[in-house]
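Here is a walk through one protein, from its overall make-up to individual residues. Please keep the sequence and the model in view while reading.

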Amino acid sequence: MTSPERDPHPTDDPTGPPVEQPVGEEPPAGQPRRSGLRNPERAVRGLGAGTLSLEALVLLLAIQPIRVVGGDLGGAAIGAVVALAVAAVVLAGMMRRQWAWNAGTVLQGLLLLGGLLHWSLLGLGIIFALVWAYALHVRRVILG
């Protein structure tokens, strides 16, 4: 015997759980396309926060190798890298706010401008700008 809560066969009852969309088929007209995630907004926020957190970690870990390889990385340049890492951590914590996505994009531009301080910051800026562009793409696809 199975109870209604454990019915393995979904129904078209509008009061019950939603019927899963078969793979490869478009939803009926008038219904939004479901992503399959329980909470798509939270998943996208996690993607953005994870991306910015990883960027902050990489920036902080890159200071010493840049100093060894470049040699000319002064205190102001190290301060700029630390400031970018701190800004990334702060933005990662604020991904619930709509403006944080725009601020994250500005942060990627600032990291690209950090290439004026050292060529390796330009390389990191290009890599993380591409990763951020992918995160924005995923956000647009999931949230619409």
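Two residues are in contact when heavy atoms of theirs lie within 4.5 Å. The model is a predicted one, in which local features need pLDDT of at least 70, side-chain atom pairs count only at pLDDT 80 or more, and totals for chains, interfaces and linings use all residues. Residues are numbered from 1 along each chain as its sequence is written, and side-chain values use heavy atoms, with hydrogens and water left out.

The protein has four helices and zero strands. Helices (H or I, at least four residues) and strands (E, at least two) are taken as DSSP runs and numbered from the N terminus. Along the sequence the pattern reads α-α-α-α. The protein has 144 residues, of which 26% count as buried. Buried stands for under 20% relative accessible area, exposed for over 50%, and partly exposed for values in between (1.4 Å probe, protein chains only). Among the contacts with a separation of 6 or more, 63% are between residues 24 or more positions apart.

Next come the pairs of helices. Two packed helices are described by the angle between their axes and the distance between the axes. Here the axes are lines fitted to C-alpha atoms, for helices over the stretch in contact, and angles run from 0 to 180 degrees between N-to-C directions.

Helix α3 (residues 99-113) packs with helix α4 (residues 119-143) at an angle of about 160°, and their axes are 8 Å apart. The two helices, α3 and α4, are therefore roughly antiparallel to each other; angles under 35 degrees count as roughly parallel, over 145 as roughly antiparallel, 65 to 115 as roughly perpendicular and the rest as oblique. α3 and α4 cross in a left-handed way, a term used if the near helix is turned anticlockwise from the far one by less than a right angle, with right-handed used if clockwise. On the α3 side, the residues that meet α4 are Trp101, Gly104, Thr105, Gln108, Leu111 and Leu112. Their partners in α4 include Leu121, Leu124, Phe128, Ala129, Trp132 and Arg139. Sorted by class, this contact of α3 with α4 holds 12 nonpolar, four polar and one charged residues. In this sorting Ala, Val, Leu, Ile, Met, Phe, Trp, Tyr, Cys and Pro count as nonpolar, Asp, Glu, Lys and Arg as charged, and the others, Gly among them, as polar.

α3 also meets helix α2 (residues 75-93), and the axes of α2 and α3 come within 10 Å and cross at roughly 165°. That makes α2 roughly antiparallel to α3. The crossing of α2 and α3 is left-handed. From α2, Leu84, Ala87, Ala88 and Leu91 take part, and they meet residues of α3 including Trp99, Ala103, Gly104, Leu107 and Leu111. The classes in this contact of α2 with α3 are 10 nonpolar, one polar and no charged residues.

Some single residues can now be placed in this arrangement. Glutamine 108 lies in α3. Is glutamine 108 buried or exposed? With a relative accessible area of 3%, glutamine 108 is buried. Leaving aside neighbours within four places in sequence, glutamine 108 is in contact with Leu52, Glu55, Phe128, Ala129 and Trp132. Between the side chains of glutamine 108 and glutamate 55 there is a polar contact of 2.8 Å. A polar contact is a pair of N or O atoms within 3.5 Å; within protein, one must be able to donate a hydrogen and the other to accept it, and residues adjacent in sequence count only if both atoms are side-chain atoms.

Alanine 103 is also placed in α3. Alanine 103 is partly exposed, at a relative accessible area of 22%.

Leucine 59 counts as buried at 2% relative accessibility, whereas glutamine 64, at 43%, counts as partly exposed. Not counting residues up to four places away in sequence, leucine 59 touches Val81, Leu84, Ala85, Leu111, Leu121 and Leu124. The side chains of glutamine 64 and arginine 67 are joined by a polar contact of 2.9 Å.

Histidine 118 is in the loop between α3 and α4. At 9% relative accessibility, histidine 118 is buried. The C-alpha atoms of histidine 118 and alanine 77 are separated by 8.4 Å, although these residues are 41 residues apart along the chain.
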